[in-house]
Amino acid sequence: MTNSDKNRLKDKAFQVFGIFCTFIGLVVLAIFLIDILIEGISRIDWDFITSLPSRRASRAGILTAWAGTLWILGLTSVIAFPLGIAAGVYLEEYSKKTKLANFLEINIANLAGVPSIIYGLLGMEIFGRILGLGGSLLSGALTLSLLILPIIIVTTREAIKAVPRSIRDASYALGASKWQTTWNQVLPASFGGILTGIILSLSRAVGEAAPLIVIGALAYVPFVPTSPTDEFTVLPIQIFNWTSRPQADFLVNAAAAIIILLLITFILNGIAVYLRSKWQNKVKW
Amino acid sequence: MRLLLKSHLACKNFPLRVQERIIEGLLWLSAVITILITAAIIWVLLSESVSFFSEVSIIDFLTDKEWTPLFAQKHFGILPLVAGTLLTTAIAIAVALPIGLTIAVYLNEYAPGRFKQTVKPLLEILATIPTVVYGFFALTVVTPFLQKIIPTLAGFNALSAGIVMGIMIIPMISSLSEDAISAVPRSLREAAYGMGSTRLQTAFGVMVPAASSGIVVSVILAISRAVGETMIVAIAAGQQPRLTLDPTVPIETITTYIVQVSLGDVPHGSLEYRTIFAAGITLFIFTFALNNLSFWIKKKYQEKYD
Amino acid sequence: MSKKPYKLEARNLNAFYGGFHALKDINIAMEEKAVTAFIGPSGCGKSTFLRTLNRMNDYIDGFRVEGDILLDGRDIYGKDVRVDELRKEVGMVFQKPNPFPKTIFENVVYGLKIQGIKDKKVLTEAAERSLRQTALWEEVKDKMDKSALALSGGQQQRLCIARALAISPSVILMDEPTSALDPISTAKIEELIYELKNDYTIVIVTHNMQQAGRVSDQTAFFYMGELVEYAKTKTMFTSPKHERTQNYITGRFG
């Protein structure tokens, strides 16, 4: 066998290994999804979705958990979106290349890398204790807002960056002010990108358990929350709680709740992917 | 029209200018809030830790080999938690780095364009699954499976938590590395092919070294992510702080400890309460250092190519 | 020949991008209701100068000007001048057509809307008037609510001119307005410029010597940030004073 034959063989071998590696993640993912489905799907019925938690696995439902998740999503959106988009607009459209701008940029990248549980510690002290919100929905939503803020800022900036200079020039040349240009031209033109970013950030928030556990969200909440100051639980915490119990019945409940949680996550991500591709296919300037 | 000009150039519409100022101020404030968040994180961690270290010597904290703050016989050595964290992280990287890098090279140098476009978003799904779900997977699927191979494997262990965390991190390494590799100038690849290299030789002889700083950045970010990961280890790795490198026994990571204390009813102001901030600041220092290392490398790398 | 009054004047104008001296001591006076063309090789400063006339360079970091630019005798860089008001007086058309990704109607009335004009009737009338001025009305009157991006390049550029006209400026700056267009669209724009100069003062930057010759009354030749020669277009093209000008217009360097 010549040297060149050997090289070609190695080349082929790597190709096979490459395909193997590419698929191993997907295969594991598939096994996992199928396993969850087999274990949990039969447990999902109307009662499961509309029942309060219970100490008996067969009677426990996820009503308070998904209601809490929806509350958290809503409140987090209201807090984080305006703040994140405004910060992104400032950094991309307004700020000059100063030391402050540079520092802001590094700082935001750093925040994006802070583990979620640290945000939990922050939320517990600032929102829970100092502001006296305790383990309430508001406390949780504020904490998750800070957590997803960097994601929103970064995606907003990218979406705004993609708006061509010429659009701004045209608007300025017609006597528009900076804000008029931003509001009437830049934001509408980058809307798709920003929307994609905020949906992705929501899909991140919906799966978070650790920071909410730290601020004191409970696993057992007997009532559906009716105001932002109520105590709450969310699906991931409910899943965590059921997973940590020794009885096998609770594992089945966990699997069923996971199906619901994944459904929400996948729908959010699906919308984001759809929006992104739709936006990319739009007329190029 | 000449008359119009006079009024045009004068300071009419004064309120508009004020409105612009107010809006710019609000936008500025939103951006500056991010600095406040960082400051608040550091302040919260520091202020509680300072109280902690006024009661526990920092030398004990760094050298004691036991962590038992919740027991009667209290020890405050962070090493077992750090060891648990590093062990699960090491396993995760051992899984994710070879697979992720191979995927990156394969997609860039071998795979047809359409295949790449289909597979990449599929792989990204791995990164979007909530970590509590991965924890469930580690505990109920991976551990029982591994127990068939390693009968001595405990029900809670670093191995299966680490492996599952590795799977979660694969897309992080693969897509960041892939970006780095595709950023290598075409001319380099063509030069390698021009000299008769195979794809494999081109990939690992030219492309990977040329993209090395970008790949290193992806690995550092992945490490940072693994160090801070909470729910997988909290569910599947156990809650027993132990200074060991044995992946088959239950351990506890820094993050798990914080969850464990948060689930219990520890009164504010107690020493036990402060331990989670001491653990938190240790975790923060790790991830902060890793993140900044990655920025530093990225910056150097950009300068090199511009 | 009757002397028209000066509309725009630059006095001892210097401009800098950071440390780069982009415009050197420019002195020029442009007549009202006439077309002035700026010519010169790439990077000679003609576009920079054009953009100082409505302060489009204000947002560029590190850009600054020294000296005066007078519009109807008033310094446009004066402290009491509002940039947005100035730009309503001095409109601009760009190198590549840059319609907003909105409807044709929204494009034309944008300048009026941001001035706070909401009356639908006023807007509709203004839109029709400016579209007629640019000879676009017949082509687009039935699709005013269609996206402007669906128009051809030449139509888009005429739409951009209509958009500038809608806010009734007295000066229109054009930065190589036909460089991205085909010859037929170019001819239409040139024809339009010829008509517009009855009502507007027009300043046009162009790379195309023939175009300068066809549309302009006065021509200014820029080289390396300096104004080398400024004269009646006919005079400059037949008997340029400077050798550099001659070399440039005969195509010996570009």
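Chain A first: 11 helices and zero strands. Helices here are DSSP runs of H or I with at least four residues, strands are E runs of at least two, and both are numbered from the N terminus. A word on the source: this is a predicted model, where local features need pLDDT of at least 70, side-chain atom pairs count only at pLDDT 80 or more, and totals for chains, interfaces and linings use all residues. Residues are numbered from 1 along each chain as its sequence is written, while chains are lettered from A and ligands numbered from 1 in the order in which they are written.

Back to chain A. From the N terminus its elements run α-α-α-α-α-α-α-α-α-α-α. Its C-alpha trace spans about 75 × 70 × 35 Å along the principal axes. Chain A splits into domain 1 (3–43) and domain 2 (47–280), with bounds from an automatic or database domain assignment. Their C-alpha centres lie 32 Å apart. Six residues of domain 1 of chain A are in contact with seven of domain 2 of chain A; contact means C-beta atoms, placed from the backbone, within 7 Å. On the domain 1 side, that is three nonpolar, one polar and two charged residues. The classes: Ala, Val, Leu, Ile, Met, Phe, Trp, Tyr, Cys and Pro are nonpolar, Asp, Glu, Lys and Arg are charged, and the others, Gly among them, are polar.

Now chain B. How do helix 5 and helix 7 cross? The axes of helix 5 (residues 113–128) and helix 7 (residues 158–182) of chain B come within 7 Å and cross at roughly 135°. Axes are lines fitted to C-alpha atoms, for helices over the stretch in contact, with angles from 0 to 180 degrees between N-to-C directions. The two helices of chain B are therefore oblique to each other. The cut-offs: under 35 degrees is roughly parallel, over 145 roughly antiparallel, 65 to 115 roughly perpendicular, and the rest oblique.

Who meets whom? From helix 5 of chain B, the contact includes B:Lys120, B:Leu123 and B:Glu124; from helix 7 of chain B, B:Ile167, B:Met168 and B:Pro171 are among the residues. By class, the residues of this contact between helix 5 and helix 7 of chain B are eight nonpolar, two polar and two charged.

Last, chain C. An open sheet of four strands has the order 2-1-4-5, with antiparallel pairing. Pairing takes at least two DSSP bridges between two strands. The edges are strand 2 (20–31) and strand 5 (74–75) of chain C, each pairing on one side only. Strand 1 (residues 6–17) and strand 4 (residues 63–71) of chain C pair antiparallel over eight bridges. One detail: C:Ala15 has C:Val65 in strand 4 of chain C as its bridge partner.

Terms used
Contact = placed C-beta atoms within 7 Å.
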